[in-house]
Amino acid sequence: MTLALTACGGSAEGDDSSGGGAEGEDVTLSVTTFNEFGYEDLFEEYEELNDNITIEHNKIDTAENARDSLRNSLGAGQGASDIEPIEVDWLAEFQQYPDRFEDLTDPELEDRWLDWKNEDAVLEDGRLIGYGTDSGPQAVCYRADLFEEAGLPTDREEVAEFLGDSWEDYFAAGREFVAESDSAWYSGSDNIWQGMINQVEVPYQNEEGEIIADTNTEVKDLYDQLLEASVEDELSAGLAQWSGDWSDAFQREETFATMMCPGWMLGIIEGNAAEVEGWDIANTFPGGGGNWGGSYLTVPSQGENIEEAKELAAWLTAPEQQLKAFDVVGAFPSTTEALESDELLSATNEFFNDAPTGEILAERAEAVETQPLKGTEYLTINVAIQDAINRVDVDGIDDPDASWEKFVNDMEALR
Amino acid sequence: MSAPAAHAPVTTARSGGSAPEPRTGRRKPKVSFRHRASTWDRRYSPYLYISPFFLLFAVVGLFPLIYTGWVATHDWDLIMGQGEFIGAENFMAVLGERAFWISLRNTLSIFILSSAPQVVAAILIAYLLDYNLRAKTFWRMGVLVPYVVTPVAVALIFSNLFGDRFGLVNSILETVGIDAIGWHSGTLPSHLAIATMVNFRWTGYNALIFLAAMQAVPRDLYEAAEIDGAGKVRQFISVTIPNLRPTIIFVIITSTIGGLQIFDEPRMFDQYGRGGTDGQWQTMTMYLYELGWTRSDFGQASAVAVLLFLLIVAIGLVNFIITRRISSSEVKR
């Protein structure tokens, strides 16, 4: 069945490439995105620049659904868009099927991206699977109004100092805060976990792809440290990220005061907390820099207009276009040129008390030293450990040890 | 009436065709082709007329069913496709996982919590709608409205109502002085919440089916019962219910199939759609989905599908036997 479908896709590809190769032929390119890439205006601009190109935008709500749909298309051998996005957390998973994607290596584009951004998309044999779009350098967002009520500094530079730059400092600051306030320090452990785990170089799978998540003492230590702070010290508001309660909590009095903040999170906070005044952003991050999220544009080999798709993907990820997307939805650029541009560095955010978000996030991006080694099962394992954390912090149905045991079982089942 | 008549000429035609044995003296009149054709027409064309359904079913129903069984016995990746034949290994792997048994428990629990009250409520609503109400059609169509709302919308609304922290249901409970219920953390509460969504959507639909059946109950039965001095309740139990039996069997079987395949409501119950941090409300179809699409193991996913199919057949049979026994014992009386 699958073979038959693949064969169909293959022959269709053959038919069209003979016609599509001619100059100036009308070409329709389909592009899939998820969440908010901020590409709507860019598509129009590209169509104006290239008369023969029409772009079809296939917008998917969440990253997970985009991943499922790409998996299905690859499995069926047809149905993928000409350009498909891949998020960094499931990049390795798709690198298992290198022959399903076009090699995007282009000598002219070699130094376009930050090293750590580009390196992740390079396969062992040197082929490039995707062009980097946005990135997610993290800072700490905080509620200045709640800080003031608790008698703590409110100015973003003083706050950065108060928060410190290690996880111990951050949790200590939290204990100080909750002693003086009815609010919690952060929304839930899963938000903090993303900050912590993105600093571990080899978290869940080793270089050989073996699952080490449940035997890795580094992971276990972070798990214990986080849950102690969340539950025993009561720093957590016990809200699961993205849940209805979590979104609602932004509007409520006395909920939580800080949040891990990659660039794309700013828009989400603003959306959830529209009526709330006092959100600000501090130029610091516990435990050094950290990157959370960011995507790549790939060109699946099953597409019919591969050359045109490559050109469009390269154009969309160029510094100028990344800056435009940052302007529209806050997608933080991953190209060196965009990061150094005045346009980015002078960007401010009205909602966050006119904070110089461009400058702060650019500094946070520089602080990112490495991306963790994200194996083929990264997403599945990360989901399992977040479940383990939420069983304790959100649901309260397990203690940390019992919940860890279940996580170990989950890992056994995965092996 | 037409069956024996149609039978005779065909046998003649057949014997005439294969061995033209000379009968004693009188030869049977030769059967004309036209006559034969019309016989065939009468005999076989009904099957031709109903064949589109079965052909379509063979393509889109039977083939996937058998193919699922084929996939279940192979090592099968979503993207890489068929691997080698591994026999029952997928089944053993699935049966050995804790998550499978939890999903089985959840499926049965949600099924019972939704189907049982649903059928009872649907019959009662149908009974009320059977009265001579003012604006009859309005009320009758009204009960169907929830069914028209898409399950996803229903799930979104209800999962907000059942928010653990700021949900409406818990706010109301708290004002009455009852402790907030962890709709997403507890196992039974989550099943109750999901069953509520299912019942909201399906009760009206089933009520309309029951209503249609009730209207076919001869009115003189009620008149006779009334003359015998039976009250409304007695009439309901002794006249309405026995006459509804075939319909009840139908509704129970269809809701068994639907109930055991439940997917939309539990998947939309929280933001991740995985059935809770501890699989509190992960149903078998959700487990199947996770194996197939998240873990990319189509072999194991198909094994779950086959097991689910067998479970539905088993429970369907049990339902059928019980309901038949009840109805036949009723007929004997």
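**Salt bridges**

I counted salt bridges over all chains and got 25. My rule was a side-chain nitrogen of Lys or Arg within 4 Å of a carboxyl oxygen of Asp or Glu. Side chains of opposite charge can pair when their charged atoms come close. I looked up one of them, Lys324(A) with Glu45(A), at 3.0 Å from N to O. This pair links distant parts of the chain, 279 residues apart. Lys324(A) sits in helix 14 (residues 319–329) of chain A, and Glu45(A) in helix 2 (residues 40–49) of chain A. Helices (H or I, at least four residues) and strands (E, at least two) are DSSP runs, numbered from the N terminus.

**Basis of the entries**

I am working on a predicted model: local features need pLDDT of at least 70, side-chain atom pairs count only at pLDDT 80 or more, and totals for chains, interfaces and linings use all residues. Residues are numbered from 1 along each chain as its sequence is written, chains are lettered from A and ligands numbered from 1 in the order in which they are written, and side-chain values use heavy atoms, with hydrogens and water left out.

**Chain B against chain A**

I took contact as heavy atoms within 4.5 Å. Chain B gives 28 residues to the contact and chain A gives 36. Together the chains bury about 2,600 Å², with 49% of it on carbon and sulfur atoms. Buried area is the accessible area (1.4 Å probe) that two parts lose on being put together, summed over both.

Which residues of chain B lose the most area to chain A? They are Ile79(B), Phe166(B) and Thr277(B), together 28% of what that side buries.

I found three salt bridges across this interface. Lys406(A) pairs with Asp278(B), and their closest N and O atoms are 2.8 Å apart.

On the chain B side, strand 1 (74–77) and helix 13 (284–294) each supply at least two residues. Helix 13 of chain B gives the largest share, three residues.

**Four-strand sheet, chain A**

I traced an open sheet in the order 7-8-6-9, with mixed pairing. Two strands pair if DSSP finds at least two bridges between them. Strand 7 (184–186) and strand 9 (279–282) of chain A each have a single partner strand, so one side of each is left without a neighbour in the sheet. Strand 7 runs parallel to strand 8 (residues 256–262) of chain A, joined by two bridges. Ala184(A) has Phe256(A) as its bridge partner there.

Helix 12 (residues 263–272) of chain A lies across strands 6, 8 and 9, at about 140° to strand 8. Axes are lines fitted to C-alpha atoms, for helices over the stretch in contact, and angles run from 0 to 180 degrees between N-to-C directions.

**Three-strand sheet, chain A**

I found a second open sheet, antiparallel, in the order 3-10-4. Strand 3 (84–87) and strand 4 (131–132) of chain A are its edges. Four bridges join strand 3 to strand 10 (residues 295–298) of chain A. Pro85(A) has Leu297(A) as its bridge partner.
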